[in-house]
Amino acid sequence: MKKHLIYSMFLLTFGVYSCGNATETPEPEQPNSPQDTTDRPNPPVKSDVQLWLTSADQSALFQKQKVSLLFSNQSNNTPTITVDESKEYQSIDGFGYTLTDGSASLIYHLPADKRKALLEELFSTDSTFIGVSYLRISIGASDLSKRVFSYDDVSSEQTDTTLQYFDLDADKYNLIPLLKEILKINPDIEILGSPWSAPVWMKTNKSSKGGKLDPEYYDEYAQYFVKYIQAMDANGITIDAITPQNEPLNPDNNPSMVMTADEQTDFIKNDLGPAFEKVGIKTKIIIYDHNCDRPDYPITVLKDDDARKYIAGSAFHLYAGDISALSQVHKAYPQKGVYFTEQWTGGSGDFAGDLQWHVKNLIIGATRNWSKNVLEWNLASDPNYQPHTPGGCSNCMGALTIGSNITRNVSYYIIASASKFVRPGSVRIGSNMLNNLPNVAFKTPNGNKVLIVLNDSNQEKSFNIKYKGKSVLAKLEKGAVGTFVW
């Protein structure tokens, strides 16, 4: 019965939870009757360390545990993770999702009371919610939009070199009003904008899919970014950073556009960077925004002195390559940031497997390789993985499935494991790696320490957490993720 009480309290705090593929919302369990005195809640457990647990079998879904974790001088032979705040690494900008046009449409069209509750749950910094602190949005359509569009669409026989037809109209129905509601909840949330394609008339193949940016229109495309940032600002939305092109080596998405490293270098140093500088735009330029198998791409761009002065860092996905590529780029240019901006979970995926892979490679792996953020793709889809463009991803599962009910899927918990406690301005600090217990540690702006640990073995694991000479003995069941806070 105690487990039932804990679960009921969790449902009341966070709303209804279910995971994996979209499922019907379960009915909450009934509380004990007034006559039942045998299963009253125990008094609070004394503990130096909070543990928030997500288990592979979904029996605990980012749930605070009633366990006593007390630091002491007692020693044992159990393997030890030593947290060392004297070793500081990169600062953290945040954790979150891509708020696609499709995600915005699904969320914005919820009844007002449900939308308000959901947005509070996602973005509030109140202690009872998960505190998403970073969003990526598409500049124009992504492949998870209902249709392909840019902000300057003209007929196939026209061009618009003065950008007189530039208009954010397509975003005014869902994305912009939703962002305004989010900003009321968390005005400090960071927003990254990424285009999937330039307007068709600027491209060599005059198509939304593939092709390249015609060099004749480099300056016009730079002004397109300027107008976008200024127009969003006029709507009360600050764009903190942009990437010049999502997945610049992928011509197969719809929309998509190819941009080689040399082309991106040329565009940034001769057009985009000077255009931002001329009008005083402070929005960061982050390059690449593609897979970890090609660290040579951002390194090539950063080698150019004239381009490098405009660049804040490099962004990565992990559909190919190894997460250590982030450290390779950091080592080459340590003064520039690295960012992790996209990774999907599929509708046919396995909760336990996806949880372990993403926490190990992204929440732990990306941050241990100097990433300042971690973003999952995408925030919301419907039960049929809609909307998407013709040729867009047809089985991308959102962190939320929004249909007749709202389902929290595995990406929700992947991000929650870090976003709730590792607030912007936190700093990664030292912690040693153990076999089958990958981990990462942070010091938060208010001085708390956060240790995220994954048990990626097939059996329960016990381990010490050592801090300032004292240790606490903890354990995680197989496949579980623990967020330890003190």
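**Close-up views: cysteines and helix packing**

**View 1. A disulfide joins Cys393 to Cys396, with an S to S distance of 2.1 Å.** The model is predicted: local features need pLDDT of at least 70, side-chain atom pairs count only at pLDDT 80 or more, and totals for chains, interfaces and linings use all residues. Residues are numbered from 1 along each chain as its sequence is written, and side-chain values use heavy atoms, with hydrogens and water left out. A disulfide here is a pair of cysteine sulfur atoms within 2.5 Å. One disulfide is found when the whole structure is searched. The torsion about the S-S bond of Cys393 and Cys396 is about 105°, so this disulfide is right-handed. Cys393 and Cys396 are both buried (under 20% relative accessible area; exposed is over 50% and partly exposed in between, with a 1.4 Å probe and protein chains only).

**View 2. Cys292 is buried, with a relative accessible area of 3%.** The closest cysteine sulfur to that of Cys292 belongs to Cys396 and lies 18 Å away, too far for a bond.

**View 3. Helix α2 (residues 101-108) packs with helix α4 (residues 175-185) at an angle of about 70°, with their axes 9 Å apart.** Helices (H or I, at least four residues) are DSSP runs numbered from the N terminus, as are strands (E, at least two). Axes are lines fitted to C-alpha atoms, for helices over the stretch in contact, and angles run from 0 to 180 degrees between N-to-C directions. α2 and α4 are therefore roughly perpendicular to each other (65 to 115 degrees; under 35 is roughly parallel, over 145 roughly antiparallel and the rest oblique). Their crossing is left-handed, that is, the near helix is turned anticlockwise from the far one by less than a right angle, whereas clockwise is right-handed. From α2, Ala104, Ile107 and Tyr108 meet Leu175, Pro177, Leu178 and Glu181 of α4, contact meaning heavy atoms within 4.5 Å. By class, this contact of α2 with α4 has six nonpolar, no polar and one charged residues (Ala, Val, Leu, Ile, Met, Phe, Trp, Tyr, Cys and Pro are nonpolar; Asp, Glu, Lys and Arg are charged; the others, Gly among them, are polar).

**View 4. Helix α3 (residues 112-123) packs with α4 at an angle of about 55°, with their axes 10 Å apart.** α3 is thus oblique to α4. The crossing of α3 and α4 is right-handed. Arg115, Leu119, Glu120 and Phe123 of α3 meet Leu178, Glu181, Ile182 and Ile185 of α4. The contact of α3 with α4 comprises five nonpolar, no polar and three charged residues.
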